[in-house]
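Please consult the sequence and the structure while reading.

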Amino acid sequence: MVLKIKSISKNFGGISALTDVSFSIEEGEIFGLIGPNGAGKTTMFNMITNLFPPSSGEITFAGEIITGIKPHLITEKGICRTFQNIRLFPQMSALENVMVGGHSRSKSGVFSSVIRTKAQRNEEARLRGSAIELLELVGLSDGIGTEAENLSYGQQRRLEIARALASKPKLLLLDEPAAGMNETETDDLFDLIKKVQARGITVLIIEHDMPLVMKLCDRILVLNFGKKLAEGTPKDIQNNKAVIEAYLGSEEDEQSA
């Protein structure tokens, strides 16, 4: 088991964003987290990465309780994420953006970086080589020197994934990676995430593109109004009456639309 969420709740003043949510993710899975806007999906990501702590409950990663530890330590332990809104360094090249992600695993200190020791130069060369490999993985080998702001939207999304992979995560959190993509870009994203899974990386994905979720994920958790509504395989979710009525839409809704 890679990740275990136990009775997690989060309150913002008098508003409950999440209430007593529990689930677990097995190693190597692609696990989907879906639900209407405001269901608490991104709040869950923010607690796993400790952008803010849960009000109650416990988060365990690779057998270790990580509830409340500092975000950079969570990255060091092997969890990395992307965001709903693209957060690249726009004036830096694609290669430089990915190398930034790799520096979370860097052993060189400030002194060795300033005087450019042999060890630091060797490490920088390794980071560069790894970044080039990741850009090839995500289909950006032709844009290595291109500034991030000059890449297309779909390319920027893939660049974010490459940068996250540079930190060598065991668990990759993807927050709506297909948002704004056309059909071809979404198909390319599906192939990329399957390649990530093939590298032994577990994936937790928030996504509103239901066809993508249903063909991509091994299991899915549905949130509604901050509570767990259902959990199971894509087939289980597609056949769950409560999910159909609350999120996917009932037949009556479709007929009246």
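## Residue S22

A polar atom of the S22 side chain lies 2.7 Å from the backbone nitrogen of S7. This is a predicted model. S22 belongs to strand β2, which covers residues 15-25. Because its relative accessibility is 26%, S22 counts as partly exposed.

Apart from neighbours within four places in sequence, S22 is in contact with I5, K6, S7, K228 and E231. The C-alpha atoms of S22 and E58 are separated by 9.3 Å, and these two residues are 36 residues apart along the chain.

## Residue N50

N50 is located in the loop between α1 (41-48) and β4 (56-61). Is N50 buried or exposed? N50 counts as buried because its relative accessibility is 11%, and buried means under 20%.

The side chain of N50 has a polar atom that lies 3.2 Å from the backbone oxygen of G68. G68 is also among the contacts of N50 beyond four places in sequence, together with I69, K70, P71 and I74.

## Helix α7

Helix α7 comprises 16 residues, 183-198. From its first C-alpha to its last, α7 reaches 23 Å, close to the 22 Å expected at 1.5 Å a residue. At the N-terminal end, N182 caps α7: one of its side-chain oxygens lies 3.2 Å from the backbone nitrogen of T184. Just after α7, G200 takes a positive phi of about 90 degrees.

Which residues of α7 are buried? They are E185, T186, L189, F190, L192, I193, V196 and Q197. In an α-helix, residues three or four places apart point the same way, because there are 3.6 residues a turn.

Note on methods. Residues numbered from 1 in each chain as written. Predicted model: local features only at pLDDT ≥ 70, side-chain atom pairs only at ≥ 80, totals over all residues. Heavy atoms only, no water. Helix = DSSP H or I, 4+ residues; strand = E, 2+ residues; numbered from the N terminus. Expected span 1.5 Å × (residues − 1). Buried < 20%, exposed > 50% of the residue type's maximum accessible area, 1.4 Å probe, protein only. Polar contact = N/O pair within 3.5 Å; in protein donor to acceptor, adjacent residues only side chain to side chain. Contact = heavy atoms within 4.5 Å.
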